[in-house]
Amino acid sequence: MTSNNPLKQYFRQPAIYIRLPSKGNFYPPGTLDMPPNGEIPVLPMTAIDEISYRTPDALFNGAAMVDVIQSCVPNIKNAWAIPAVDVDTILVGIRLASHGHDLDSSSQCPSCNHDHEFTIDLRMLLDAVNTPDYNSCVRHGDLEFYFRPMTYQDLNANNQLQFEQQKIMSMIPDTEVPETDKIKNINDALKRLTSITVQALCQSIGAVKTPQAIVTEPEFILELMNNCDRKVFTSVRDHIIDLKNQAELQPVSLKCPECQHEYKQNVTLDMTSFFESAS
Ligand SMILES: [Zn+2]
């Protein structure tokens, strides 16, 4: 960008400012330029951003999101390093900055199955985002587990691995192999899925403390998780799920226009349509 361009004043300007659930913690040095007031400016998408996230392959491998985030949130220098807890907030912020605060969605009433449309106010979603408590630890005897969010890069890689294994599993029943082989293949795929899950849990463990040592090496932590007591494993897993839930977008309250039933609807960001213009 040239600084003497007389057209510079017509370039896009920040449309909104967001607060990150991580409060800027867990970013490796140099990956986030945190303003003193903690409010991160978000620019609307350019035409090029709109084109890049529409490329299905780029969307699938996460590269498109990384480009769009770095373009719209220039304070983030490396979007792969974003802690997973911040991703939804950043994406909602970009959508808000680009297309305004109304997001149309649809829902099926759990009581009468009536499908109805509703509009989410994205500002309310952002206001309701929580900062998970990463200071809490899990104790088992003299073992202490400390946690951190996984990165966007880990999150994305895990999702791809999971997707691939599930695809393999779904194709097994139609393959031309004997039934016993099919069962073996399904078992193998299940084992790989489990190991992806354990790996993902380890990416959320920052350190394990014993009276003698503080262990941060991922390979040692992975080995512990593969060999520890089931009780230890379960409480660590539940704690990680709890932290993840705390950071998630809060469900919206809806009332069915047909039967007046009131219920909560989870909000999920469907990336293929999320950034489409509201018009
Ligand atoms: Zn209903």
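User: Happy to start with a detail: in S10, which residue is the bridge partner of lysine 255?

Analyst: Keep in mind that this is a predicted model. Lysine 255 belongs to strand S9 (residues 252–255), and S9 pairs in the antiparallel sense with strand S10 (residues 262–265) over 4 bridges. Across that pairing, the S10 partner of lysine 255 is glutamate 262.

User: In the hairpin of S9 and S10, which residue takes a positive phi?

Analyst: The hairpin has 6 residues between its strands. One of the residues of this hairpin has a positive phi near 65 degrees, and that is glutamine 260.

User: What about the hairpin of S3 and S4: where is the positive phi there?

Analyst: Strand S3 (residues 102–108) and strand S4 (residues 115–121) are antiparallel partners over 7 bridges. Within that pairing, serine 106 stands opposite glutamate 117 of S4. There are 6 residues between the two strands, and the positive phi, near 65 degrees, is at asparagine 113.

User: Moving to helices, how many residues of H4 are buried?

Analyst: Helix H4 covers residues 84–99. From its first C-alpha to its last it reaches 24 Å, close to the 22 Å expected at 1.5 Å a residue. The helix is largely enclosed by the rest of the structure, because the buried count, out of 16 residues, is 13.

User: At roughly what angle do the axes of H3 and H4 cross, and which residues make the contact?

Analyst: The axes of helix H3 (residues 63–72) and helix H4 come within 11 Å and cross at roughly 65 degrees, and the crossing is left-handed. The contact divides into 7 nonpolar residues, no polar and no charged. On the H3 side they are Met65, Val68, Ile69 and Cys72, and on the H4 side Ile90, Leu91 and Ile94.

User: Which residues of H3 are buried?

Analyst: Burial here means under 20% relative accessible area. By that cut-off H3 is mostly covered, with 7 of its 10 residues buried. They are Ala64, Met65, Val66, Val68, Ile69, Ser71 and Cys72.

User: Which strands stand at the edges of the open sheet of 4 strands?

Analyst: The order in this sheet is S5-S6-S7-S8, with antiparallel pairing. Inside it, S6 (residues 143–147) and S7 (residues 205–209) pair over 4 bridges, with phenylalanine 145 partnered by valine 208 of S7. Each edge strand has a single partner, so one side of each is left without a neighbour in the sheet; the edge strands are S5 (138–140) and S8 (214–215).

User: Finally, the overall picture: what share of the chain's residues count as buried?

Analyst: The chain's secondary structure comes to 10 helices and 10 strands, and its C-alpha trace spans about 65 × 50 × 40 Å along the principal axes. Among contacts between residues at least 6 apart in sequence, 66% join residues at least 24 apart. Of the 279 residues, the share that counts as buried is 38%.

Conventions: Residues are numbered from 1 along each chain as its sequence is written. This is a predicted model: local features need pLDDT of at least 70, side-chain atom pairs count only at pLDDT 80 or more; totals for chains, interfaces and linings use all residues. Side-chain values use heavy atoms; hydrogens and water are left out. Axes are lines fitted to C-alpha atoms, for helices over the stretch in contact, and angles run from 0 to 180 degrees between N-to-C directions. A crossing is left-handed if the near helix is turned anticlockwise from the far one by less than a right angle, and right-handed if clockwise. Contact means heavy atoms within 4.5 Å. Ala, Val, Leu, Ile, Met, Phe, Trp, Tyr, Cys and Pro count as nonpolar, Asp, Glu, Lys and Arg as charged, and the others, Gly among them, as polar. The expected span of a helix is 1.5 Å times one less than its number of residues. Buried means under 20% relative accessible area, exposed over 50%, partly exposed in between (1.4 Å probe, protein chains only). Two strands pair if DSSP finds at least two bridges between them.
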